[in-house]
Amino acid sequence: MTLNPEGRAELALARITPRDAGVYMCTAANAVGRTQTTCHVTVRHGPAKPATPLPTLVTPSVPYTKEPKFIMKPRSTEAVEGDTVVIVCEVVGDPKPEVVWLRDWLKPGYYRDAPQFRIVGEGPQYRLEIPQVKLDFTGTYTAHATNPHGEAKAIISLQIYAKGQGKESSMVSGQVKHGTVHTLPEIIRELKDLRCCDGDSVTLECRVQSIPTPNIRWERGGRLIHLGGDWIAEQEGDVARLTIQKVYPEDEGEYTCVAYNDLGRAVTSACIVVDVPEEKENQLSQQLSRPPGLLSAESTPRSTPRSTPSRSSSPRLRDFSLPSGPQQRRVRMASPKFYTFPHNRVAEEGETIRFQCSVAGHPTPWASWDKDGSILTLGTRLTIKERDDMRILELREVTMEDAGLYRVTLENEMGSVEATARLDVVGRNGSRARSVRAYSASRASPTFGRRLVGSAARVGGTFTLACDVHASPSPITSWYRNGELVVLTDKTVPSWDGRIARLELRDLELEDGGVYTCVAENEVGTTRCSAELVVLDTTDPSDADLRPPMFLKGLEPEVITKEGTPLELQTRLHGTLPIEVVWVRNGIEIPDCEDFRHVDYGDGRFGLRIADIFIADSGTYNCEAFNLHGDAITSGRLLVKEQCTCEENTKQEPIENICFTEIPKAVVSKSGGAASFCARLQCPPHTKTTFSWSVNGKLVTNDSSRFKIKSEDNTSTLHLTNISRTDEGTITCTAKVISPDSSPTTVSCSSMLTLEMDHLGSPASIVRGPADTTAMRGDRVMLKATYKGCPEPSVRWLKAGRELSSSDRLKITTSDGVSCLQLGSITADDSGKYVVSVENLYGADCHFASVAVEGPPEPPAGHPSAVRSDDTSVSVAWSSPPYDGGCVLTGYRVEMKTDSSEEWGVVAERCHSLSRVIRNLTTGQVYTFRVRAENIHGASEPSLESNPIKLGHNEQEEEEEDDDLSSQLEPFHVEIQAGDEFVSRYTVHEELGKGRYGVVHKVTDQKTGNIMAAKFVRCIKKQDKEKVQEEIDIMNCLHHPKLLQLVGAFENPKDIVMIMEYISGGELFERVVADDFTLTEKDCIIFMRQICEGVEYMHNNFVVHLDLKPENIMCRTRTSHKIKLIDFGLAQKLKPDSPVRVLFGTPEFIPPEIINYEPIGVESDMWSVGVICYVLLSGLSPFMGDNDAETFANITRADYDFDDEAFDAISQDAKDFISSLLEKRREKRLTAHECLNHQWMTQCDKKNEIC
């Protein structure tokens, strides 16, 4: 059956049989009435004809779209090492989009020849299969779909966990892990048309399929249905229901169920037809004054006009007495709200982005958009659209200037609400725009409307903390527990919707209890509020988390007030939080708006504040409170009278002509201030008047010290002092007039005492913060801060995130708005940034100050190194001091003594490097050296002493000590031995350094006395031990003077110890970056020849290092030019018939083939050799970018140059040497053997060559 826009309805019957004969009726109905027409269909038997396929209308299972659209999107996935991961997506478009997979935003060709990644599917479903995943496969994966009409992306994060990290319990290791997906909603079972009688209960039901469960909303006639009362919406699994508990004639119409999520929406519609009894029909027809000719002649007797003025109990016959004049249907007003919010976006330059949200409210709210506080202007690139309840901002061809904070504001007569989303624009080279913020004229620091309050919850349950935040511009909210930042996890979910900050705590544990703080911050200021959450054990008998709402103080049964006076209805509640409070008048919910302000005092008191009251506001007021454990309600009647109208006694004849000629005026006061209220009564003579006053519902008594009542004749005055928050509310004066001839008459009038937020209290703020201070060691320092705020703020001093408290050397005093921090006998440890923080109920502020401690520097670290230069000179080298005294070092002082004297003499001053050659020494004498560091404040204490050194004829033996030790390490095959043998043979000394997989210690061989280095490698899993065995196998085949030698290996339960030769000279990298050491081009040639010799030996043995860099090149001694290559943890053994691909290395030094995931070879090491040479000659990195992605881009383009001034003095041969290695195509690079024969490398005089 089809219905076209011109109103033509068609019913098509295929494969007609005799059973299809009969009378067919078509009925059309709308809100005004209905009509119908009939026809008779006869089926005749004719001659048989060859069957021909009839055209059928096939409903597509996927939506049609020109531009690419994901109807199934992958989501972030976790897996255990060794699993097979399958990532699935489904994309449609016309023409069919081309789908490619990217990893870490690298180009798609990386996967073309890789066996680790399999791309399956021709559309619309596509899969990326990753068998036997490794830890290296952790990263960001993107499905990118494009066609001529546009593009679409799905970006996920794949996290691979190592075995033994506790993830096997939730994930089955070694099996196929299908990634989770997000699918477009699909209607499985449509809504069905319903026909019912007036007063029936009906339910519309449909089935909707989507992952995850979609959001559901119900519409009638294209407008959102406001739930409540007779209207109940339910969603159980994939079933959505709308129940109307009692149907009325005006409920007839078309109903639509809309299922939606981020990918799109699906709808299904059905009609409800309401039949009315004839007697009811006749009565309604008479009362509604139906216009003549409203119904067609073909209308049935049951047809009912759909202009019923309001929903009433139709099944019962009632007396409808309509007022004269037109009667309009009463529509429940609703303030604007968001069903979905715009999300933060990150886009590349030139992309098209959309911010969209789903809204509701009655009347329909209008939307306005602004960016960084400035109203947006429509143009060719910027459009604003409204589709049903969707509000869309579309920005085409975004530029870096478009980055910023976008805000959408919804407004109608009932109020306004706003939401924000940030746009970050990434440049083509990966740089991100810094958004320039502009602010509107009205800016305000954050304030809390509804604050956090303490509560209790049970272990294993879920609890949500929430508070209202008002600020302009929109603030950034963050949550803290016991002072520690709360981040997004599976158990803690912070959220911010532009108005309410929430923290959802799932699967609670006892450790989750504590003080939670919400901090709201914008460019204007910062504020915070805190509350304590108590988590009870499941066996705890306490009912603190199960208490339903209970009114400790309900509404007054009857309140009488005058028109035009302010009024606040107030209650006090008790129960388990959160408690939701709703105010209702005459059965209609009262929205929180300017005229009716909902007040939450945060201490259990709730109020409804009516700023300007009218007679029409009279009625029955309900305060309804509910939580998860129950609900409660309190009611009261409000009677609003005209001015000078008195309350009369209906039982006896009242006194006439009594009214207030002067009523108290509303007063706005400060907290702690004073206020006065005066009332004057007009009454006949010979009467006696008594006055009484009540403040916020509490009767004022004579024994109160803060309240004074003075009454004289017909005038009464109430004086209040030391006003507090509990006094805020309604001030009522009641006068009782007694006359001998009449019954007593009572009249009353009211006013309002308001403590405005600005005057109720002032936020804590720092008027003048502490200043940056520089002091000498041992001096006394005082930091002073002046603050203000009401009530008195609490003051805290912090350093490095820890709160300070008074001690022997530290004293904190706070009084009269001044806080001082005094530090005595300060040391270098006292230097740093100090924070003073003030906080009260209305806000918080902080200020920073830096304390710099200066003085003489600390001694140089470690023992100086003394090495013979010749028969009469010694080269002394040392390390810089751990602390320079807070200022620049001016030099070093070298002191010396002999074995024949205990006095130290200065042999060198104002040394500006970390080494010095001491000359003109005596042969055969024993010398010891020490060093002092100097700055403008003086010299440090002396360093530790060097080892004594004797000048004589045996110095050549010490010069060749390293070579002798290497010669002692004869090549042999190392096998892993038991760990007990290591303990019995070696003595472990201090730690030398840490690497990726373990720690290196200095050890001594107890048998030979030789000093060695022991590398302790953590081995938790079987794969870890296999990796160490691979490294041992590689080092067993590498025996060369320029390569680190392996001496032994020992296995313990949790680690493997590798014994290697000890190298004391430090990393070559330390020499390159040292400010006081200059590498000449000749020095670089010496280093590069040794590097190439070691690399040539490795390559001849089919080993590729894959991690060559200055940090992995060690100097034999601190003054020597002899080097060794170390760290073979990433080395690979090459096989000619088996290509090897890897995805690891140091970003600055890896070659293009690793980034492109192409097969590697010995040429890959030669690229790293070229980068090392570039670094040694210039001190610069040729491909370094702002981030790894930019560095990788520079490497794949081979984008480098020699334009820096550091290359001005470098020879052209050196530049040619580097250029011959930094070739993008690996087959064009020089081999290690060709490097040794290069013109630049052979220019060094062989006689002077130290290699």
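Colleague: Which residues form the negative surface patch?

Modeller: This is a predicted model, where local features need pLDDT of at least 70, side-chain atom pairs count only at pLDDT 80 or more, and totals for chains, interfaces and linings use all residues. Residues are numbered from 1 along each chain as its sequence is written, and side-chain values use heavy atoms, without hydrogens and water. A patch takes residues with over 30% relative accessible area and no salt bridge, with like charges joined within 9 Å. The negative patch consists of Asp 1201, Asp 1203, Asp 1204, Glu 1205 and Asp 1208.

Colleague: Where is Asp 1201 found?

Modeller: Helices are DSSP runs of H or I with at least four residues, and strands are E runs of at least two, numbered from the N terminus. Asp 1201 lies in the loop between α11 (1188-1196) and α12 (1212-1221).

Colleague: Why does Asp 1201 count as partly exposed?

Modeller: Buried means under 20% relative accessible area, exposed means over 50%, and partly exposed is in between (1.4 Å probe, protein chains only). Asp 1201 counts as partly exposed because its relative accessibility is 38%.

Colleague: How many salt bridges does the count come to?

Modeller: Side chains of opposite charge can pair when their charged atoms come close. The rule asks for a side-chain nitrogen of Lys or Arg within 4 Å of a carboxyl oxygen of Asp or Glu. By this rule the count is 39 salt bridges.

Colleague: Which side chain does Glu 504 meet in a salt bridge?

Modeller: Glu 504 is partly exposed, at 25% relative accessibility. Its N to O distance to the partner is 3.3 Å. The partner is Arg 506.

Colleague: How many residues apart are Arg 680 and Glu 662?

Modeller: Their side chains meet in a salt bridge, 2.4 Å from N to O. The pair links distant parts of the chain, with Arg 680 in strand β53 (residues 675-682) and Glu 662 in strand β51 (residues 659-662). The separation is 18 residues.

Colleague: Where do Glu 1163 and Arg 1226 sit?

Modeller: These two side chains form a salt bridge at 3.8 Å, N to O. They join distant parts of the chain, 63 residues apart. Glu 1163 is in helix α10 (residues 1162-1178), and Arg 1226 is in the loop between α12 and α13 (1232-1236).

Note on methods. Patches are made of residues with over 30% relative accessible area and no salt bridge: like charges are joined within 9 Å, nonpolar side chains (Val, Leu, Ile, Met, Phe, Trp, Tyr) within 5 Å. Accessible areas come from the Shrake-Rupley method with a 1.4 Å probe; for residues, only the protein chains shown count as cover. Lys and Arg count as positive and Asp and Glu as negative; His and the chain ends are not counted. The place of a charge is taken as NZ of Lys, CZ of Arg, CG of Asp or CD of Glu.
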